[in-house]
Amino acid sequence: MKEKKLQSSSDRLYKVFIYVVLILLAVSIIVPVAWVFLASIKQNSEFYGNPWTLPAGFYWQNFIDAWTKAHMGSYMLNSVIVTAMALALLLIIALPAAYALSRFKFKGAKFLNTMFMAGLFINVNYIVVPIFLMLVDGDKWLKSTFGHPFLLNNLFVLAVVYAATALPFTIYLLTGYFATLPHDFEEAAYIDGAGYTTTMVKIIFPMAQPSIITIILFNFLSFWNEYIISMTLLTAPNGARTLPVGLMNLTQSQQGAAQYGQLYAGLVLVMLPTLILYICVQKKLTQGMTVGGLKG
């Protein structure tokens, strides 16, 4: 009996410790985010007092100025276009590749799996300069041959680079999930006369929906918040910019102008789409990270 009481008391202490840690982590995340949202509706005069005071009112002009004067609207549109194209390219390539690597045995499958796993250990920030130099050489050749460069300052090329750098992680994750799915449904589809493509699209992909939503969310966050590659490949002075690069330019321009409300409004514009997307797919994201396959 004493051992059971000691065990129950230790379990309670452990649970209390876990809850305290989780509460502290939640506070450390919620407080800065809430502070940014409150700062985005303050007037500039309110920033010179106590930074923790609540705003006197809702000063929505900060968002209007950030959207129009700071060109955050065009930056957001560019980010939406690049992210959508990168996700589309990534899914078109990664889903069939992961399906083939996980469900079929063919010569070179192990080598391809090894190469994709090796790609997980390559940080894309370390190869930005070689990518840039390769595109510069390609533009020189295109300009000398066709009279017009194409590779740099191109949103589609930026989306291709994003998709290519995300392939190793995406294929690795999807391959592991596809491998856990039962083969019974595929065999039944083959008996009914369905081909490989039909079986993949109508049988496997719906079964792997939680995992697909997980990789969409992770890669969306990666593409949406990416800064170094976008800054490197979009070099034209008055050319297209993505939202993180535009926000950094806004930060630098506001250091002297002291338009703090406009700056924090720009931060909110960057954070808001990711927060909304996470809230919408939270349940599916949890399923994709915890469920290994169907049971039955």
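Q: What makes helix 6 and helix 9 stand out in the lining of the largest pocket?
A: In this predicted model, helix 6 and helix 9 each supply at least two residues of that lining. Helix 6 gives the most, with 6 residues.

Q: How do you know which residues lie nearest the centre of the largest pocket, and what is its volume?
A: The computed volume is about 440 Å³, and of the 19 lining residues, Ile 122, Val 124, Thr 165, Ala 166 and Pro 168 lie nearest the centre.

Q: Why are residues of the lining of the largest pocket called nonpolar, polar or charged?
A: The class follows from residue type, with Asp, Glu, Lys and Arg counted as charged and Pro placed among the nonpolar residues; on that basis the lining divides into 13 nonpolar, 5 polar and 1 charged.

Q: What makes a space a cavity and not a pocket, and how many cavities of 30 Å³ or more are there?
A: A cavity is a set of points where a 1.4 Å probe fits but cannot get out, whereas a pocket is an open set. By this rule the count comes to 1 cavity of 30 Å³ or more, and the largest cavity has a volume of about 40 Å³. Its lining consists of Ser 79, Val 82, Thr 83, Tyr 162, Phe 223, Trp 224, Glu 226, Thr 242 and Pro 244. The elements giving two or more residues to this lining are helix 3 (72-103) and helix 9 (209-225), and the largest share, 3 residues, comes from helix 3. By class, the lining has 5 nonpolar, 3 polar and 1 charged residues.

Q: Why is Ile 229 called buried?
A: Buried means under 20% relative accessible area, and Ile 229 has 4% relative accessibility, so Ile 229 counts as buried. This residue is placed in helix 10 (residues 228-233), and, not counting residues up to four places away in sequence, Ile 229 touches Val 124, Val 128, Leu 158, Val 161 and Tyr 162.

Q: Why does Thr 274 count as buried, and what does Thr 274 touch?
A: The cut-off for buried is under 20%, and Thr 274 has 12% relative accessibility, so Thr 274 falls in that class. Thr 274 lies in helix 12 (residues 260-280) and, leaving out residues up to four places away in sequence, touches Phe 220, Leu 221 and Trp 224.

Q: What makes a residue a member of a nonpolar core, and which members of the largest one touch the most others?
A: A member must be a buried residue of a listed nonpolar type, joined to the set through side-chain atoms within 4.5 Å. Of the 60 residues in the largest core, Met 72, Leu 174, Phe 178 and Leu 233 touch the most other members. The largest share of this core, 13 residues, comes from helix 6 (residues 155-180). Leaving aside neighbours within four places in sequence, Met 72 is in contact with residues including Trp 67, Leu 243, Leu 250 and Leu 269. As a general background, nonpolar side chains in soluble globular proteins tend to be buried together.

Q: Why is the pair of Tyr 99 and Phe 104 called edge-to-face?
A: Ring centres must lie within 6.5 Å to pair, and planes over 60 degrees apart count as edge-to-face; the centres of Tyr 99 and Phe 104 are 5.4 Å apart and their planes are at 85°, so the pair is edge-to-face. Tyr 190 and Tyr 196 form another edge-to-face pair, at 5.5 Å centre to centre and 80° between the planes. By this rule the count comes to 11 aromatic pairs, and ring pairs link Tyr 99, Phe 104, Tyr 190 and Tyr 196 into a cluster.

Terms used
Residues are numbered from 1 along each chain as its sequence is written. This is a predicted model: local features need pLDDT of at least 70, side-chain atom pairs count only at pLDDT 80 or more; totals for chains, interfaces and linings use all residues. Side-chain values use heavy atoms; hydrogens and water are left out. Buried means under 20% relative accessible area, exposed over 50%, partly exposed in between (1.4 Å probe, protein chains only). Helices (H or I, at least four residues) and strands (E, at least two) are DSSP runs, numbered from the N terminus. Contact means heavy atoms within 4.5 Å. On a 1 Å grid over the protein atoms alone, a cavity is a set of points where a 1.4 Å probe fits but cannot get out, and a pocket is an open set with protein on both sides within 12 Å along at least five of seven lines; lining residues have an atom within 4 Å of a point. Grid points are joined across faces, edges and corners, and a volume is the space filled by probe spheres set on the points. Rings of Phe, Tyr and Trp (its six-membered ring) pair if their centres lie within 6.5 Å; planes under 30 degrees apart count as stacked, over 60 as edge-to-face and the rest as tilted.
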